[in-house]
Amino acid sequence: MIWGIFKRDMCHATRNVIAVIVSMGLVVVPALYAWFNIAASWDPYGNTKALKVAVANNDKGYKSDLIPVRVNVGETIISTLHANDQLDWQFVKSDKAIDGVKSGEYYAAIVIPKGFSADMMTLFSPDIKHAQLKYYLNEKINPIAPHITDQGATTVVNTIDKTFAKTIAQVGLDLASSILHYSQSPQMAEYMRNLNGNLTTMADTLSGASQQVTSYSQLLGSANDIVDSTGKLLASATKAGKQAQNALKQGKSGATSLTSAGANVTSSVNTALDQVSGAFDQVAAKVNKAFDAIGKDSDTAASQLATLSEQISSGESLYDTYITSLNHMRESVEQLPDSDSAKQALLEAIDREITLLEAAKGDSQKLAQQLKDASTQVTQDTAAAESSRKEILNRITSAKQSISNVRDDYATNVKPKIDALASTVSTLISQTDSMITQLSGTADGLDDVTGDVGTNVTSIRSTLGAIAKKLDSSAATVKELITKLETDGNAGDGNSDGGDGDNDADSGESDELRALATANASTLSTLISAPVALHRVSVYPIANYGSAMAPFYTILSIWVGAIILCAMLKVTISDREKAHVLGLGDTLPRIAGPSGPGNASRWGLRLDHEYFGRYAIFALLALLQGTLVCLGDTYFLGVQANHALQFLAVGWLAALVFSNIVYTLTVSFGDIGKAVAVVLLVMQVAGSGGTFPIETLPKFFQMLYPFLPFPHAIDAMHAAMAGSYDNEYLLDMVYLALFLIPSLLLGLVLRKPVIRLNNWVSRNLESTKVM
């Protein structure tokens, strides 16, 4: 029965030329649909150079001290785009560019603002400002063009970033190279020699300053010894020394600087010497008193003279102390630089003071001896006592004169020289304010005053010692720098003997710097601007965009072909055809009932016979459609097909499945079934994943995706074109074939209950005389 229906359908389809032409058209039209779409999308992104994009440069450029070259990124962009054929770049003014985008003359426009270079150079300032390009886009002209021009704009931005980084890197490398070349020039060598000479002079100056500060410190210590010795001398020479110490305290109480302190000490010394001179007057009075008592009480007189002799003898050691202090002072003065104008004068003054002190010491010694001799004589020879009195009194007068000479010489020679020296070290004088203040308020006697003076002088000497150490340290640092420069200079000249590991390391670093600076700056800057290169590794490569889109348009055309078949061919069999197949003539007997599916079943022509018998011609034409479109894809358009037979097999299976689905919908629901087939077509165009990845589609289509035949057919065709992973191709073919199950179930079983309903719907549509 099925074969009989198919034979009569083939005879009818080839009965005349028009039928043959229409049948051929049914086979060719779906192929044309696929081929036109594939050819149109063969290489769309390779033809983007016809898209006009305007570029306007308003950049004024930038120049700074940091990078000693004029930077104009806008000019660099224009130069780069002249060599770029990705788009049809139009170099115009900014006003024309913007107006051209509005009018549709340009798809997009890029405007480089005036301060673009300046904004980019804020990279080297604390306040970084992001440089911006103005991008104008006409989105109504074409839905794809904005995305293509966006890619062009992104290319411009990437070009700017790379060019800017390359420029900065090249300038830095050129500068390093220039510095290295200059460092090896004769001018640099002469500069280093001058620098070493200046540093050597500086080190010597610092060392000399340290020695001078040390000498001043020692001299100040000697002065402190003199003050201490003077206090002790006054205290031991006479009981009036306490008064002299009080006078010295009172004389120093108002001092505010080291210079005034020296003047007060001089005043105190003068007072003390006056007291000593007065003490000798008292000694003279006691001597007279003792000699006057010789006749009355010789023993008492002798005892008094002996006591006076001992008192005077006990003070001789203080002369020695005073002389020792002066000698220390003289040693300190001798360490002063010869250029110091006060040095020689102060040495002569100290020598005279020592001479006078030694003379005074001699007078005191002679006086003490005479007093001792007189104490013996008064008990032995009263007659010689008077002669001894005169000699003792003359000796006392001589001793007083010696003290007077010491005082006058101190005031005339030593004191002015000390004042001159104090003015030379004015910084030391200013530091003694606190010392004099303490002296004026704390000491009850001359010992306390001299003690405070000693304490403050010690503090000052400690400060001077620290200063001297700092100066020595600075001198050592400068000398170390000189040594380092000389070593580096020798290493740079290649004169290093290689024995020192540090020199080897420094030489290695110099060699690396030299290699970096002498390398190709352009190559290095290019590497720095784009340190990462993208190496594309294609997995299952596709030759071109047309080949990538071929599965989608091929499968789509096969579905369209199935719809065309159902639109042009009848899906139901008339009662006349049933009668001829059954051999009953031109009509079925009246007992067959109303015309419709299954009404000839009592004569052996069942519903399934009608279904498959009429579907046979649909299947044949669908296979021809699938064969033509797949062969045309491969051999006419040149679509990539690594496995041509598998590619053709997908077309055959898709033709059978799609034609059966559309045929079943039409035979079951009539014209409504055709509408459902169109709806399924629209849904699969959007939700098949043939153009955009399924993950980018709305959630509804992602859920619907597995239950549509398009995705499985497209995936199977991709696998046939580029290669299959594991059993990917076979699984997709099986999934595609499984769609025959619900289609056959609907066509053979589920359509029976709705046959009457479908006939009723058809009669009502025909009654409208329009549908």
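**Figure 1. Helices and strands of the protein chain.** In this predicted model, the protein chain holds 28 helices and 4 strands. Of the 771 residues in the chain, 41% are buried. When contacts between residues at least 6 apart in sequence are considered, 76% of them join residues that lie at least 24 apart.

**Figure 2. Tyr 540 in the loop between α18 and α19.** This view shows Tyr 540, which is placed in the loop that runs between α18 (521-529) and α19 (545-568). Most residues other than glycine have a negative phi. Tyr 540 is not a glycine, and yet its phi is positive, with a value near 55°.

**Figure 3. Asp 726 in the loop between α25 and α26.** Here the residue in view is Asp 726, whose place is in the loop between α25 (709-722) and α26 (728-737). Although Asp 726 is not a glycine, its phi is positive, at about 60°. Asp 726 has a relative accessibility of 63%, and because a residue counts as exposed when this value is over 50%, Asp 726 is classed as exposed.

Notes: Residues are numbered from 1 along each chain as its sequence is written. This is a predicted model: local features need pLDDT of at least 70, side-chain atom pairs count only at pLDDT 80 or more; totals for chains, interfaces and linings use all residues. Side-chain values use heavy atoms; hydrogens and water are left out. Helices (H or I, at least four residues) and strands (E, at least two) are DSSP runs, numbered from the N terminus. Buried means under 20% relative accessible area, exposed over 50%, partly exposed in between (1.4 Å probe, protein chains only). Contact means heavy atoms within 4.5 Å.
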